[in-house]
Amino acid sequence: MSKEALVLRGGLVYSRRGFELSDIVVEEGKITSYGRDVPAPENARVLDIGGLCVGPSFADLHCHLRYPGDSEAEDVVSGAYAGLLGGYGLLLAMPNTLPAIDRVSRVAEVREIYAEAPIAVLQAACVTMERAGERLVDMAALAHAGVEFFTDDGSPVANPRVMLEALRYSAILGVTISQHSEDGDLSGNGVVNEGVFSEALGLPSMPEVAESAIVARDIELLRASGGRLHEMHLSARESLNLVRAARGEGLAVTSEVTPHHLLWNDSQLTHFDTNFKVNPPIRSEGTRMALVQALLGGEFDAVATDHAPHSGWRKEASFREAPFGLIGLQSAFSATFSALIRQSENYVQLRGSAQVDPFVGEIGDFAPHLGRLRGLWTVFRYMSYSPRDLLGVPRDIGVGTPADLVVVDPLATVTQSTQEIASHAKNSPYKGVQLEGAVIGNLVGGEIRSWQGQIVEKESF
Amino acid sequence: MSNLGSEMKVKPGSLLSIGDLTSEEVVGLVRRASELKHRLSEPISSRPSSWKSGSVVALFYENSTRTRLSFEQAARALGLSFSAMEVRNSSIEKGESLRKTSETLSNLGYDVVVLRHGGEGVPIQVDRWISPAVVNAGDGCREHPTQALADAFTLQESFGGLEALRGKRIGFVGDVLHSRVARSNIALLSSLGMRPMVVGPPHLMPKYPRALGVEVSYDLDSIVGELDVIYLLRLQFERFSDPAAIDPGSYAARYQMNARRLARLRKEIILMHPGPMNLGVEVDGAVANSSVMLADEQVRSGNVMRMAVLERALGRGGE
């Protein structure tokens, strides 16, 4: 932890209350002073961040770090570096590794590695042993060891009886079951979304109902169990209706959406770039717009990446044979921000999104960019505040709070190149694509750990 | 955000999809195939020597003796060298990757790679990876452009020119779901002014017909009288993966082109089939051998059209 005090001068700060121009003084890893024109402590480094925005660093409910088992695609350090550059301070690693994280001893093993990572990494555990879908893991022991999320992600918990038992345990233990909702019989051998593009291209496809049928089933199970259910990477319009209705009746169901489902539609398939092969698949333009609308309307609890590295040779196969998944930690902010502000610019009247301007103080030179500031408000809510709440580490910005901060430029554009990708695997659909908004810096425990796209070694900035 | 990402670029000479061709190129290919057809009837000694350079390799991940032989005949008639590489198992777990295999052929110095693969879009991927021109000889259920060009050639010979195709109705009967022949033909023949429709059992018909620009019927007998051309598709049992399993007997009862149905049609009706036929399923023996069935002509057209396509791949439009 840095002994040197740091002053972030002149940024637009996004706290839970809204956004306002404010300086931030960081000492001993915490914010010690906050407000306009606060005096800098003696010997403090002063960083002028006029024109930039600051909030709590992002938290990801859904990433695959591939440890243990596939170090060619990713390891904890490369994945955490991708997170650092993407503005993340907290990751939830998925347990579909080799071997799968289905017992306390394996959680303990990976935590030893995570302790060395440059950002905080939490571990989810499987719902069933070896993710085989048959026998529940020892949820009580894992919960006592601090595991709060259980998922067989990569595949669904298909057996409804197993799912019901898992939800009952979740009610007793106060933990969450995260479900990858997919009816395997309905998705069949599909590799892309069912629609006009799969039809024209002759590709085997999966319909939206392959997802929503399991969402509907699990909500029925949840009603019977009283547990906690988290819907991962929702991508079907009917899933949104089901979750909205379930929340309306007070069931404990939360949900996430990915940046790639917000940004892309299935017209991309005509390029046959296997980096767009992902499960659930990139949907139609109509569904994409509905997902953006739902995020603006507060229907999701989080934007989560589903960062899924696969080494190059695996993706250099036919669309049928290439594995599902794309990497997203480094691009999540710009992809999400782009999807939000482009939709806002195209559709001035946003149905269901109450446009109350969340500024609580002066915004100075930012005044001409209100559209972008509103978009950024949504980004901080669903990439930072809300997922941190779900992960049990709520944050705000104010005196006494830990200085885990991300600095972003809402007016910049970025175009990712392969060389900039920190992950071992390069299966990014964002390469060469111009996106709005850039992550400028990432502070971990008060120390600057990335700046302008470069990793900063400890104490060396 | 449909316009994010780079535009798809196809190498000049490559033929990956019917949509790669401008209408002028289609007309040019048909005209050239016609010239080549006459050339082939001349003595070998009178053929131009300029044809005799260039190498073609067929990279086939799916068995297809007929298509491979057709390309081989076309290449040899042009004086080109022809080699074939058949890969039994395309699974990346069991051998080198698709990319490595195609790069190897590129490094061996072939001018044209004729590619058949069970995976949709593979020719588009390979075309990005290697420098030789790529000719799609069938990719999964997506496209089979040389078959469609050959069929257009057959049709215009039969009707008396490309212009005569305008407004003619063609019905594709049977397994449209799994048919690359239907997808390429629908795209090409629509662009030539024909009015395509599809007929067959519901689960083998497109769920999104506007994606193909076709009307759908589930009842052959009710529409067969409106058609100028009936294109019979092979039931591709090997591709059936879902509840599309079908009883050949009940299929034949509703959709088979047989002597009984043929007797009710106009004398000028044209029947087509890309081969190989499942005799007794989509077509019976009498119809297969009838004079209105152009299947044999389709094979001959395939030969000259593939010559024209290989010339185009080598950057030679004519002599």
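How many residues of chain B are in contact with chain A, and how many of chain A with chain B? Colour by chain and look where the two meet: 34 residues of chain B touch 33 residues of chain A. Keep in mind as you go that you're looking at a predicted model.

**Stop one: the interface**

Stay with both chains for a moment. Together, chain B and chain A bury about 2800 Å² between them, and 54% of that is on carbon and sulfur atoms. There is charge here too, with 3 salt bridges found across the interface of chain B and chain A. To see a salt bridge between the chains, select A:Glu316 and B:Arg99 and show their side chains; the N to O distance is 3.0 Å. For the complex, the predictor gives an ipTM of 0.92 and a pTM of 0.94.

**Stop two: a pair within chain A**

Now select A:Arg288 and A:Glu285. Their side chains form a salt bridge as well, at 2.9 Å from N to O. Why are these two about one helical turn apart? Both belong to helix H10 (residues 285-296) of chain A, and they are separated by about one turn because they sit 3 residues apart in that helix.

**Stop three: two crossing helices in chain B**

Next, select residues 23-40 of chain B, which is helix H1, and residues 145-159 of chain B, which is helix H5. Their axes come within 10 Å and cross at roughly 75°, which means that H1(B) is roughly perpendicular to H5(B). Show side chains to see who does the touching: from H1(B) it's B:Leu29, B:Val30, B:Ala33, B:Ser34 and B:Lys37, and from H5(B) it's B:Leu149, B:Phe153, B:Gln156 and B:Glu157. Sorted by class, the contact of H1(B) with H5(B) has 5 nonpolar, 2 polar and 2 charged residues.

**Last stop: confidence**

Finally, colour by pLDDT. Chain A averages 94, with 96% of its residues scoring at least 70. Zoom in on residues 348-354 of chain A, though: pLDDT stays under 50 there, and the model has 8 contacts for this stretch beyond four places in sequence. Chain B has a mean pLDDT of 90, and 90% of its residues reach 70 or more. In chain B, go to residues 1-6, where the pLDDT is below 50; this stretch has 17 contacts in the model beyond near neighbours in sequence.

Conventions: Residues numbered from 1 in each chain as written. Chains lettered and ligands numbered in written order. Predicted model: local features only at pLDDT ≥ 70, side-chain atom pairs only at ≥ 80, totals over all residues. Heavy atoms only, no water. Axes fitted to C-alpha atoms, helices over the stretch in contact; angles between N-to-C directions. Helix = DSSP H or I, 4+ residues; strand = E, 2+ residues; numbered from the N terminus. Parallel < 35°, antiparallel > 145°, perpendicular 65-115°, else oblique. Contact = heavy atoms within 4.5 Å. Nonpolar A, V, L, I, M, F, W, Y, C, P; charged D, E, K, R; others polar. pLDDT = per-residue confidence, 0-100. Buried area = accessible area lost by both parts, 1.4 Å probe. Salt bridge = Lys/Arg side-chain N within 4 Å of Asp/Glu carboxyl O.
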